[in-house]
Structures are given as C-alpha cells and as structure tokens.
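Dear colleague,

I am pleased to hand over the structure below for your attention. My notes on it follow directly after.

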Amino acid sequence: MTIRARLIASTFLLQVFSLAVLGGGVLAVRKQYQERDMRAKAATITKTVERAALDALIQKDDVALLSYLKFLQAQHPAIAQAQIRWKNQGRERAATVGALDFGSRARETRFTVADPADPRRSVEVDIMLDDSVLWGPYVEETRRLKRIILLVWGGASLLGLIISFLIARSLTKPIVELSRLAGEIGGGKLGGKLEWESDDELGGLVRAFNGMSGRLEEFDSIKRNFVSSVTHELRSPLGAIESFLQLIREKIAGGTPAGFAQSAEFLERISVNVRRLSGFINDLLDVAKIEKGKMECVLRPMELPAVATKVCQFFEAKALQQGVTISNRLSVLPSVIGDADRVRQVLVNLVANGLKFTATGGQIWITGEQFRDGGARWIEVTVGDTGRGMDAADRERLFQPFTQGRNISEGVAGHKGTGLGLYIVKSIVDQHGGKIEVKSTPGQGTRISFSLKVAA
Ligand SMILES: Nc1ncnc2c1ncn2[C@@H]1O[C@H](COP(=O)(O)OP(=O)(O)OP(=O)(O)O)[C@@H](O)[C@H]1O
Ligand SMILES: [Mg+2]
C-alpha cells in the first residue's frame, strides 16, 4: 500500500469515526433533554390528578373525580388507565378509568390523598401513563435529527475524502518526484533538481536534496577535471623528458662539441619539466593534506617584505622574458604571524597566476596595508595585475580544486596548470585565520588580497 493511499485511508477513517462520535453525542444529549421533558409532563399530569382528588375528597364528590379523570384522559391520551380506591372509615370502594392495552409499556405513579378534615377518609390513585404515547412526539423528532446527522455525516465524509486526497497528493508529490530523481542520480544522470517551494519539512528535504544533487554534480566535475589534469600534467612533462633524453642520446652518440653543448641545453629543458612534475605532485600532496585536514602551518613571527622580495626575484627572469614588470611595493611593515614557507607558497601562486593571465607590457605588483578588525591588527597583502581579469562566473568557482576559469581558454604563456593553486592558497590563508578576497574585471585586471595577523 502506498504512503498516499495510507494517508488517504487513515485521515478518511479518522474523520468518519470522529463525525460518527459527534453525531452519537448529539443524539445522546437530545435524548437526555427529551427524557427530562417527558418526566416533567408526567409530573404535571400527576399533580393535576392529585389536586382533583383532593377537591373531590373535600367536596365528598366521588363522581367529580371520575369525570375529571375521564376529561383528563381525553386531554392527555398518555393516561392509559387510572385506578381509584376510596377509603372511608375502614370501608373501601374502587373504580377504574380507561384500560391499559395488553403488552404496552406503562409508567406507574401511585399516590394517596387524605381529607385534611377527616384523615380516615382518603383516596388512593394509581395512574398508568402509556410510554409509547408519552414518547410519541419525540420519536418523529429523533428520526428527523438522525436523518440530518446522517446527511451531514455523509456530506462531510465525502468532502473529507476529497480534502484527504488533495492533502495526501500535495504531501507525497515531492516524495514521488524525489525518488524518481534519486533513481536518475543512481543511474548516473547527475544534477537533477526539483522545483518545490515550501517552508515546511518537505521544503527543507527538497532544498537539502537539491543541494546534495548540486554537490554531487560538482564532485563529478571535479573528479573528471582531476583525471584529465593528472593525465595531462603527468603525460606532457614525461613525454618532453623522454624526447629530450632521446635527443641527448643521439647528440652524445654523434660525439661532436656542438652536440655536447646542445645536450646541456636539453638537460636544462629536462630539469624544467622535472620541476613542473614535482610542482604538480607537491600540489597533489597538499590537496590530499587539506582534504584530510592535515595541512598544518607552523605560525611564528615573520617578515613579509623579505618573503615578497624573494618571490619577485624568483619570477624576475620569467617576467622579463614575458615583457611584464613585477614590483614589490611592500615597504616597512610590522612582523606578522605566519608560516614563512606557506606564505611564500601563497605569493608564488598569486604572482604565477598574474604572470599567466597578463600579456606583454602588463604589470604585476604586491602591496601591503595595515588595518584593524575588532581588537586585532592585520596586514592585507594584495597581488594585483593588469591582465585579462575574469567574469563573475569565473570568480565564483575560483577556489574549487581542479577547476579553472573560462578565461584559460584564451591561451596562456607557459603551461595551463590544473586549477589547484587558489584552492591551496585559500586553505593556507584559512589556516592563518585570515580572509581572502578577489576583485576582478574582465579586460582590466585582477586583485587578490589576503590578510595576516600582526605579531604582538
Ligand atoms: N590573476 C588572474 N587573472 C585572471 N584569472 C585568474 C587569475 N588568477 C586566477 N584566475 C582564474 O582562476 C582560475 C583558478 O586559478 P588557480 O590558480 O586555482 O588555477 P590555475 O592557475 O588555472 O592552475 P594552477 O594554479 O594549478 O597551475 C584560473 O584558471 C583562472 O581562470
Ligand atoms: Mg594558479
């Protein structure tokens, strides 16, 4: 049985049951009122007869009581029979008015009235009130009430069934859709999302599911990028090394001085590719450490300008070759708390990016500025360039591992890279308790800033 059917059946049965209980309650209360009315009616009749009996006794007119009883019987057909016993100084005389039908249920009331002037004279009256006649007016009323209750019960049950169906459908619709989408995701079709807006638990479930689906798609794209990056980043330097080794072998076999000179040049090319390979493997190891939460920075006071100078020197030759100027504008700054090697890695990555995306004639600079946040003093280091910049979509995906911006497709000087640099940079800055911020405009350049705490 589906959840929808169970929901419909249970809500429907519940409301049918509660309506039945309500209807039963109304009937029971009505019956109590009728019973009270009927008792009051019987008491009134008895009282009237009692008064007539007393009058007859005082006036010593027995016939008057009999004729009054006959008159009362005509007025109140509920009086089925009345037996009268006169007692006068030990003598007794009886008379009966009317007769009780055989088999009919009667309510018996008996009383004795004595003459106030002569207590030896008394009259005993036994009145039989016919129950079916007393109930007569109420039977029809009860029947009408039952009909109304039944009609309301049927109508409300039908309406309830329709409402139960609509509620069950609206509750189970997203669940059915979610299970269909989950099946699709299980079958490898990732990224499916459900359009559903509500502030209840279902809305929360759909939002969580959509988030999970988006993350799965992201992970899948990271995995695909990872495979292609690893394949490319391992194959191309290895291929180059292999070719240069073959060339060196041939040059050495030639045995000419020019061949030896060229071999030295090829060895340099081999060492460039080995550096590229080891750089990539180091990045992969860093990513693994970050994922395991084991990227640790040894934080101690350090001098930023010195590190920045070394980084600029490291890129000097490449920048010259590319026709880009790098300027270190970090002047006298207080010491900061950081891991000098990791901060150097951050600057290397940022300057390398600047060089990668800045054409000949462009500029790259490193600046530093002090600011206060709460009680602490910080230094914000910015690496800026006048390069191609990036659009909002690229800026959003900047810090995801194995993800590169679309601006990479315009081609870069040197190798394309793998999209790990800024992911590692952000993790290092996070480890230092700092923040990283990107400002970039397509065609105008990029500024990436990160903050480090000033040493006490
Ligand atoms: N200075 C910049 N100018 C323009 N785009 C940039 C700049 N820095 C980063 N980006 C964009 O951000 C993306 C991610 O940068 P990131 O450093 O993580 O990877 P990468 O440089 O492409 O590769 P890797 O650093 O692994 O060699 C880049 O591919 C590029 O699209
Ligand atoms: Mg990079």
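Four strands form an open sheet in the order 2-1-4-3, and their pairing is antiparallel. Here strands are DSSP runs of E of at least two residues and helices are runs of H or I of at least four residues, both numbered from the N terminus; two strands pair if DSSP finds at least two bridges between them. At the edges lie strand 2 (91–97) and strand 3 (106–114), each of which pairs on one side only. On average, neighbouring strands of this sheet are turned by 15° against each other, direction ignored. Helix 3 (residues 131–186) packs on the sheet and touches strand 3 and strand 4 (121–130); the direction of helix 3 makes about 50° with that of strand 4. For such angles, axes are lines fitted to C-alpha atoms, for helices over the stretch in contact, and the angles run from 0 to 180 degrees between N-to-C directions. Strand 1 (residues 79–88) pairs with strand 2 in the antiparallel sense over seven bridges, and A82 has V97 in strand 2 as its bridge partner.

Please note how the model is to be read. It is a predicted model, in which local features need pLDDT of at least 70 and side-chain atom pairs count only at pLDDT 80 or more, while totals for chains, interfaces and linings use all residues. Residues are numbered from 1 along each chain as its sequence is written, and chains are lettered from A and ligands numbered from 1 in the order in which they are written.

**Residue A80**

A80 is found in strand 1. This residue is buried, because 23 other C-beta atoms lie within 10 Å; the term buried requires 20 or more such atoms within 10 Å, exposed means 12 or fewer, and partly exposed is in between, with C-beta atoms placed from the backbone. Leaving aside neighbours within four places in sequence, the contacts of A80 include G98, L100, M128 and L129, a contact being a pair of residues whose C-beta atoms, placed from the backbone, lie within 7 Å. The C-alpha atoms of A80 and D126 are separated by 11 Å, and the two residues are 46 apart along the chain.

Strand 8 (residues 363–373) and strand 9 (residues 376–385) run antiparallel and are joined by 10 bridges. Within this pair, I366 stands opposite V383 in strand 9. The hairpin of strand 8 and strand 9 has two residues between the strands, and G374 takes a positive phi near 65° there. Strand 9 also pairs with strand 11 (residues 445–453), in the antiparallel sense and over eight bridges; E380 stands opposite S451 in strand 11.

**Ligand 1**

Ligand 1 is surrounded by 24 residues, of which Q404, G405, G417, G421 and L422 are the closest. A residue is near the ligand if its C-beta atom, placed from the backbone, lies within 6 Å of it. Helix 7 (340–357) and helix 9 (421–431) are the elements that give two or more residues to this shell, and helix 7 gives the most, with five residues.

**The chain as a whole**

The chain has nine helices and 11 strands. Its radius of gyration is 52 Å, well over the 23 Å that the globule rule gives for 456 residues, so the chain is more spread out than a compact globule. The radius is taken over C-alpha atoms, and the rule is 2.2 Å times the number of residues to the power 0.38.

Yours sincerely

Notes:
Contact = placed C-beta atoms within 7 Å.
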